[in-house]
Amino acid sequence: MDRRTFLRAAGLSTLAVAAGTGFTACSSRNDAGPTGSGSGSTTLVLPTYRDAGAAAADLVGAHEGSLPGFFAYPANPSRMYERPVVDDLEITALTYSFSPVVPGLSENEMWQNINETIGAKIDISYTPDADYDSRFATTIAGGDIPDLVAIRPPVQELPAMLEAAFADLTDHLSGDAILDYPSLAAIPTAAWRKAVVQGRIWGLPVPRPPIGPAFFVRKDLLEQRGLPVQPRNFDELADTFRALTDARSNTYASASVIELVGFLANTLNVSNGWSEEGGSFTYWVETDEYEQALAETTGLVEEGVFHPDSIATQNTQRNEWFTNGSAPMIIAGWGGWHSFVNWGKEVAGHEVAAIIPFGHDGGEEAKHALAESSGFTALRKADPERIDQILRVADWLASPFGTQDYLTRKFGIEGVTYDLAGSDPVSNERGSNLRLVPFAYLTDCMGPIYQAGDQAVVQARFDYQEQVLPMIDPDPTDGLYAPAQSAKGAQLEKILEDGRNDVLAGRRPVSQWADVVDEWRSRGGDEIRQQYEDALDAAG
Amino acid sequence: MGEPLRMGMAARAVVLTVCCVLVLLPFVAVVSTSLAGQNQITSAGGFVLWPDDPSLGSYQAVLSGGVVTRAMIVSIGITVVGTLGSLAATIGLAYSLSRPGSLLHKPILLATLFTLFFNPGIIPMYLIVRQLGMIDTYAALILPVLINGFNVIVMRAFFLEIPQELLESARIDGASELKILMTIVLPLSKAVMAVIGLFYAVMYWNAFFTALLYLNSTEKWPLQLIVRTFVVNQTPLAADDLALSSNEMPPQLSIQMAILVLAIIPILLVYPFLQRHFTKGLLVGAVKG
């Protein structure tokens, strides 16, 4: 058990005890109108989508949820908002960040400028991503809740917590009501589903494209050896793994072992996580296909095609191995495409491509991994007027790509924190540090596919997106709350993770995978399934 | 010197050298990597044993912006104030517990022992800190951990070993308890104070979790929490997540290593001065409970 899992388990179970009484008191004091807990009597109308019309894209996708592609930042961007957006509002916020710490408000002219533009004093507290759960638990238990709080399920007693402490935004945002907030209205509908709990809208989405990890390869190295960059079936992929491995020169095909299990399950037409058919739920580890994927990956591990330190090592290290060619295949975030290209600039001939999931035995029947949910940001209970003011601020924080407001938010002040190369903003040294204030983890617009000065990467990512979007199934558990998932989800995942790693490392035979799944079922997997099925049933 | 003896010496030398190398190697790798360029890190596929073209670029990147410099000052401040405060409180408690017949001697000793076995947990601690109005103050990093029960027990054991006759004679001469403590007990206890002081100093220096929970403003964060944001968070893909183009970022690994070096240097500097007390101090309480 690692520290984080432990803290989540320990911290949150304490939270339930410590916070339980507070919440009861709280919710009886402010009777919060429509609650919607457990009742699916009224069907929720999701916020109306309306494009903000900020800029015309160079590449326009064909699917719902396609991100537009831009080769350059639109010239002469318009200002979407009157300044200031609100009148002298003080807002506190709590969220997480993946970046190093940024100079605080008093020393950060970019942050000051954003506050000035909005007319608000936004005071963000944030923690490293890995520690957010503990900070969140203590803050909620402590009771002094900031105006905006990032919520990352699973959270124990989520519906009760939301009702006790946070504002139900349904009346403000549902249907056409959202059109008062033009930038929020431009957030895709799929992203809003992540902010729905039991039929009510409880927050602002942190929109992310639904595309999960992609399978990157070093195109140049594969072509050099006459290997297919886009294998047609599992056997071709396995042969490629073998051909790339040369243990004597410390070269292995890949270091993404665990990720390959998921990828192979996808090639067998199984989606990550839960799937739903006719009202009954199945978790992907239960399928025969998953077991087959695990067996095949284990076989490859035994053949020695993976870097020996694959499982234990960090992503930073895997990225280095990919870049220097000592592990030229990697499964990593789709958004990392440009980073890989960029790191390879010093390496002669370096070229990156991504494998589209193929049918395991040929054909095109396959799934693509779904991105992990990034949660949502809830607003502390307040009078409707204040909620409206905060939503106006959030609206500005979601101002779309192609506007001047977007530049102010992401790049700062021209000539101070960024300069224009053509029409593309380029942060200077100070700007690239100052801009890391995690506004983007409160709420954001859906970012397009854009990489200043790198048309090839934009085109490649766009093409990839267009091919894989139809292969991604939406998460059937969106908007459904299963108490057991929040209470036991982490421990249950741990059972699966340990079992899977035991198999991959050869400590247990694949034939025992069924025992692992049985344990998962009896320790809570079945309970979660039942709760999802009931919740879906209740939602009608 | 006989042949077998020389063989033994040689074998010992080899073993010791190997051990030294094994201990030093990670340090060398950390320092070298912090000085190496991205090209070399990429071609080595990670850690570098000796930088081809050493540059202080990573240190400049880390120290620019002032976040790390400020955090270092904060950390040093917390460590110095905290260690002095902790030593004073621990000495006071340990001394009174070592004097039989002091007020509520038994219950206080039991209460101290109790904290060795039972820990209040994160949320109750947070609630107390909040009720005392210490959220977002440096006091929250020091007061909740001011006294460590284990250190009190070790120090009390040391005080109990001081010959009672010394204290008796001082008392007969009319010295007060405070005077006895200051002029007789403490001068005899330098070793244990050095050790306990180092324990406390390292604890304060390394603490990041309390800062994470209790401090809202990042301006107050100590160095270790800043280190954490660099080292633990550093999945470079996340940078892309924020639409940050990564050519703006210096070599990841060397930055991580530079900040690690910055974080261990102060403690390494203090250690040699305390080392001569260390062995003696550590043995205190080993044979007497």
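In the predicted model, strand E9 (residues 274-277) and strand E10 (residues 280-283) of chain A run antiparallel and are joined by four bridges. Within this pair, A:Glu276 of chain A stands opposite A:Phe281 in E10(A). The hairpin formed by E9(A) and E10(A) has two residues between its strands, and A:Gly278 takes a positive phi near 55° there.

A further element of chain A is an open sheet of five strands, arranged in the order E3-E2-E4-E13-E7 with mixed pairing. Strand E3 (120-128) and strand E7 (204-205) of chain A are the edge strands, each pairing on one side only. Strands of a sheet pair through backbone hydrogen bonds, in either a parallel or an antiparallel sense. For strand E4 (residues 148-151) and strand E13 (residues 376-379) of chain A, the sense is antiparallel and the pairing extends over four bridges. In that pairing, A:Ile151 stands opposite A:Phe376 in E13(A).

The domain assignment divides chain A into two domains, each made of separate segments of the chain. Domain 1 of chain A comprises 3-37 + 71-208 + 373-446, and domain 2 of chain A comprises 214-370 + 474-539. The C-alpha centres of domain 1 of chain A and domain 2 of chain A are 31 Å apart. Contact between them involves 13 residues of domain 1 of chain A and eight residues of domain 2 of chain A. The size of an interface is often expressed as the accessible area lost when the parts come together. Between domain 1 of chain A and domain 2 of chain A, about 910 Å² is buried, with 60% of it on carbon and sulfur atoms.

Polar interactions across this interface of chain A include five residue pairs in polar contact (both at pLDDT 80 or more). One salt bridge is found between domain 1 of chain A and domain 2 of chain A. A salt bridge links A:Lys194 with A:Asp478, where the closest N and O atoms are 3.0 Å apart. On the side of domain 1 of chain A that touches domain 2 of chain A, two or more residues each are given by helix H1 (3-29), helix H4 (158-165) and strand E5 (196-197) of chain A. The residues of that side of domain 1 of chain A comprise six nonpolar, three polar and four charged.

Chain B is likewise assigned two domains, domain 1 (1-55) and domain 2 (56-283). Their contact takes 12 residues from domain 1 of chain B and 13 residues from domain 2 of chain B. About 900 Å² is buried between domain 1 of chain B and domain 2 of chain B, 76% of it on carbon and sulfur atoms. The residues of domain 1 of chain B that lose the most area to domain 2 of chain B are B:Val30, B:Ser34 and B:Ser55, which together account for 45% of what that side buries.

Between domain 1 of chain B and domain 2 of chain B, the count of salt bridges is zero, and one residue pair is in polar contact (both at pLDDT 80 or more). Helix H1 (3-35) and helix H2 (38-44) of chain B each supply at least two residues of the side of domain 1 of chain B that touches domain 2 of chain B. The largest share of this side of domain 1 of chain B comes from H1(B), with six residues. By class, the side of domain 1 of chain B that touches domain 2 of chain B has seven nonpolar and five polar residues, and no charged residues.

Note on methods. Residues are numbered from 1 along each chain as its sequence is written. Chains are lettered from A and ligands numbered from 1 in the order in which they are written. This is a predicted model: local features need pLDDT of at least 70, side-chain atom pairs count only at pLDDT 80 or more; totals for chains, interfaces and linings use all residues. Side-chain values use heavy atoms; hydrogens and water are left out. Domain bounds come from an automatic or database domain assignment. Contact means heavy atoms within 4.5 Å. Buried area is the accessible area (1.4 Å probe) that two parts lose on being put together, summed over both. A salt bridge is a side-chain nitrogen of Lys or Arg within 4 Å of a carboxyl oxygen of Asp or Glu. A polar contact is a pair of N or O atoms within 3.5 Å; within protein, one must be able to donate a hydrogen and the other to accept it, and residues adjacent in sequence count only if both atoms are side-chain atoms. Ala, Val, Leu, Ile, Met, Phe, Trp, Tyr, Cys and Pro count as nonpolar, Asp, Glu, Lys and Arg as charged, and the others, Gly among them, as polar. Two strands pair if DSSP finds at least two bridges between them.
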